[in-house]
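Good morning. Please have the sequence and the model open while I talk.

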Amino acid sequence: MTMPTVLVLGKNGQIGSALQRRWAGRAGVSAHDRTTCDLGNIDQLRDVIRRTRPHVIVNAAAYTAVDRAETDEDACHRINAIAPGIIAEEARTIGACLIHYSTDYVFDGEKATGYREDDPPCPLNAYGRSKLAGDLAILAAGGNHIILRVGWVYGLAGQNFAKTILRLASERDELKIVADQFGAPTSAELIANVTSRVIDRCCGGEGEGCDKNSRQFCGIFNLAPLGRISWHGYALELVRESARQGRPLRIAEDKVIPIASADYPVAATRPKNALLDTNKIRQIFSIDLPAWQADVKRFVTEWDALKS
């Protein structure tokens, strides 16, 4: 059985790094970072895709500095909106399947329950607007594409909330964490595992890109673990899990203090409810998703092992 060739863009990010670990030793994977394929350089982007001619393109590259995007909107738009459209056009031309990662920030957070894929988007900040524009550009380009909307991503690579909390828990006596924003912490490893499952389901393993039946799998899918928690509850679980695993901490549980969003001003407004309804992806791809706490436990173990 011939495995499909895969082009990964953004190999050093949280998701890109997890994908490389997931596919370690697998033949036919070509991975690029910004030094070899800069999404801001359209000519270079087109050239890499045309030279590689993959069966699958996984775009794990993005502008993710949410607050900086408020004053750097042009750069954010180039990476998150224009580049995905170009990738989708090139993918359609060579008959490749495109897998792209979107965000819960395309929604305004006013809905009381989890957002469905067909709920009207209404981003509150520049980052969310740029990601929505990227989604629309991919849809307009046509071809075979799968857009996975994710949120509250954390992993062993890059900077993220989980790593920050674990570091501060050993340095500070008190932490004040926002308690009125809700979502589901999503590990890069979960995203990588589901991505691999999606590719296997869509590409048939015959080295010919997406098979003739793959269009039934095209479109937008929400991806998140089961459950709902606030940033404060997430931080508290990280501290508790660290303690359970015998990690030396300076902070006590009761010193992880809940605060309101208004008490922690930032440049970019965040949605109060970032929960994503995952019924569609679970049904269509026959995927069982774990509770969010399961990957947090594994992350704390792996993070400690990586540091030692």
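This is a predicted model: local features need pLDDT of at least 70, side-chain atom pairs count only at pLDDT 80 or more; totals for chains, interfaces and linings use all residues.

Residues are numbered from 1 along each chain as its sequence is written, and side-chain values use heavy atoms, with hydrogens and water left out.

Some terms before the helices. Helices (H or I, at least four residues) and strands (E, at least two) are DSSP runs, numbered from the N terminus. Two packed helices are described by the angle between their axes and the distance between the axes. Axes are lines fitted to C-alpha atoms, for helices over the stretch in contact, and angles run from 0 to 180 degrees between N-to-C directions.

At what angle do helix 2 and helix 3 cross? The axes of helix 2, residues 42-52, and helix 3, residues 73-94, cross at roughly 30° and come within 10 Å. That makes the two helices roughly parallel; angles under 35 degrees count as roughly parallel, over 145 as roughly antiparallel, 65 to 115 as roughly perpendicular and the rest as oblique. In contact (heavy atoms within 4.5 Å), helix 2 uses Ile 42, Leu 45, Arg 46, Ile 49 and Arg 50. On the helix 3 side are Ile 82, Ala 83, Ile 86, Ile 87, Glu 89, Glu 90 and Ile 94. By class, this contact has eight nonpolar, no polar and four charged residues. Ala, Val, Leu, Ile, Met, Phe, Trp, Tyr, Cys and Pro count as nonpolar, Asp, Glu, Lys and Arg as charged, and the others, Gly among them, as polar.

Arg 53 has a positive phi of about 45°, although it is not a glycine.

The second pair is helix 5, residues 161-169, and helix 7, residues 231-244, which pack at about 55° with axes 10 Å apart. Helix 5 and helix 7 are therefore oblique to each other. Helix 5 contributes Phe 161, Ala 162, Ile 165, Leu 166 and Ala 169, and helix 7 contributes Trp 231, Tyr 234, Ala 235, Leu 238, Val 239 and Ser 242. This contact has ten nonpolar, one polar and no charged residues. Among the buried residues of helix 5 are Lys 163 and Leu 168; buried means under 20% relative accessible area, exposed over 50%, partly exposed in between (1.4 Å probe, protein chains only).

Now the single residues. Leu 148 sits in strand 5, residues 144-150. Is Leu 148 buried or exposed? Leu 148 counts as buried, because its relative accessibility is 0%. Leaving aside neighbours within four places in sequence, Leu 148 is in contact with residues including Ile 99, His 100, Phe 221 and Ile 281.

Trp 152 lies in the loop between strand 5 and strand 6 (153-154). Trp 152 is also not a glycine, yet has a positive phi of about 55°. With a relative accessible area of 9%, Trp 152 is buried.

Asn 273 counts as buried, at 5% relative accessibility. Beyond four places in sequence, Asn 273 touches Gly 109, Lys 111, Ala 112, Thr 113, Tyr 115 and Phe 182.
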